[in-house]
Amino acid sequence: MLLLLLPLLWEGSLCQRLEVQPSLSVLVGMCVYIPCAFDFNEVSLNGSKPLYGYWFREGTNVLRGRPVATNDPRRSVEEQARGRFHLLGDPRMKNCSLRITDTQFSDTGSYYFRLDYGYDAYSYLKDRLYVNVTDLIQKPDISIPEVLELGSPVTLKCTFPWACGENRPLTFSWMGAALSSKPQSSGPSPSSEVSFIPGRKHHGTNLTCQVTLSGGHFSSKRTIQLNVSYAVQNVTITVAQDNRTSDLIPGNSSALVVKEGQSIQLLCAANSNPPASLSWILGNQTLASSQPSENGVLPLDLPHLGPADGGTYACLAQNPLGSKQASLRVSVQYPPRMLSPSCSWVQEGLSCTCSVQAEPAPSLRWWVGGRPVEGNGSSDTFQVISKRSGPWTNSSLRVKVDRVPDTTVSCEGKNPQGTHTLLFQLLPVLSAQEHSSWPLMLTLLRGALMGAGFLLTYGLTWLHYTRKPLGREQPPAPQAAPPSR
């Protein structure tokens, strides 16, 4: 009976209660400090016998099993817990605090505290501690400027907050395209640094800092994306036509040839950080502009192109660090068209003028009596003077005759897009009142590009020329002066 009463007497006189949090969670590979205190009757402990404390895993036999932590030098601890579980508190100071380092998933479970005073002992089975070891979600922190400047050296720092506050060995590893090697450092320091010079090719690439905890069983890493600022590096122009997109047109200037009436779309793209604002410019006129956008593309629609739409289209890209532009020469090709053709009789003979507009610039040839007048110069009979100015070719023909011949004179404009011919039919008419001069009747036949045409006849006192519309633009129909007598 005395043996049965001893535990009851002990429980009532020596130990009253134990104060410890019932449960806690800790990240794997980390450490945790667990405060613990208990009450006891100091009168019962006034002897010289030592006081030992033990932390046991639930289900462990207190006599034959091993504790996970103790201050009793006679007892060995669990192999798995050795060096990681520590009874920090002094039982004589009513302190049963426990510390666990380098936590492992196998540490998850319930634990209880036991107090041993000579032949007397007590296990606090009602006041248990539950430890839950979870995945390592703690990540290292990387300190980095918001924007890295191109070509300016930078030093980044990676820090891993160590919850225990002690110098535990950590291994830092750096990885990334911006690094020429993979730096690695080990030691008790909770941080590591790496230096490099940002380049344009590093913009948008990843940089990773990985921390491996002591023992090498668990690691955590953080990956960031580098944001390198740089001026506009290149500007490209893409041409979309007939549901097709041509290759990119780089550089300062390129050329594009289209036919009259066709529609195209120009797309300008720029590579820079921060993104550039884009503008389409023709001469001194801004045709379209945009603020910086994610895709960095500015379109320009050019529908139903005509001669006036030709020119050099420039795309200007600008950001705070600089600007750059690319240009595209658009040439709108169209067939020849005539302006103010005329023939008149002068004292020296027959004088005809002809002006032809086309892109590319047309060639101009005169025909007299069905035969071509070659060259640009003078002969005994003919004198031809021709000049080119941009899309225009202007020419004059003089035929040295003393009377109006019964023949034809033609002005022919030609380029790869087609041919345009004007035919003058000269008909001599005798006047009895004015025998010293020959009045001139001109019949003008205007030929279309496909050979079709129509006939207009002019009287002696008034010469009028009517032009058939051709193309998008129609020059005004001029009125010629009355023929000379």
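Trainee: In which strand does Ser342 lie?

Mentor: The model is a predicted one, in which local features need pLDDT of at least 70 and side-chain atom pairs count only at pLDDT 80 or more, while totals for chains, interfaces and linings use all residues. Residues are numbered from 1 along each chain as its sequence is written, and side-chain values use heavy atoms, with hydrogens and water left out. Strands here are DSSP runs of at least two residues, numbered from the N terminus, and the one that holds Ser342, spanning residues 322-346, is E28.

Trainee: Is Ser355 buried or exposed?

Mentor: Ser355 sits in strand E29 (residues 349-359). Buried means under 20% relative accessible area, exposed over 50%, and partly exposed in between (1.4 Å probe, protein chains only). Because its relative accessibility is 17%, Ser355 counts as buried.

Trainee: With which side chain does the side chain of Ser355 make a polar contact?

Mentor: Contact means heavy atoms within 4.5 Å, and, leaving aside neighbours within four places in sequence, Ser355 is in contact with residues including Trp392, Thr393 and Asn394. A polar contact is a pair of N or O atoms within 3.5 Å; within protein, one must be able to donate a hydrogen and the other to accept it, and residues adjacent in sequence count only if both atoms are side-chain atoms. At 2.8 Å, the partner of the Ser355 side chain is the side chain of Asn394.

Trainee: How far apart in space are Ser342 and Cys411?

Mentor: In sequence, Ser342 and Cys411 are separated by 69 residues. From C-alpha to C-alpha, the distance between Ser342 and Cys411 is 9.9 Å.

Conventions: Helices (H or I, at least four residues) and strands (E, at least two) are DSSP runs, numbered from the N terminus.
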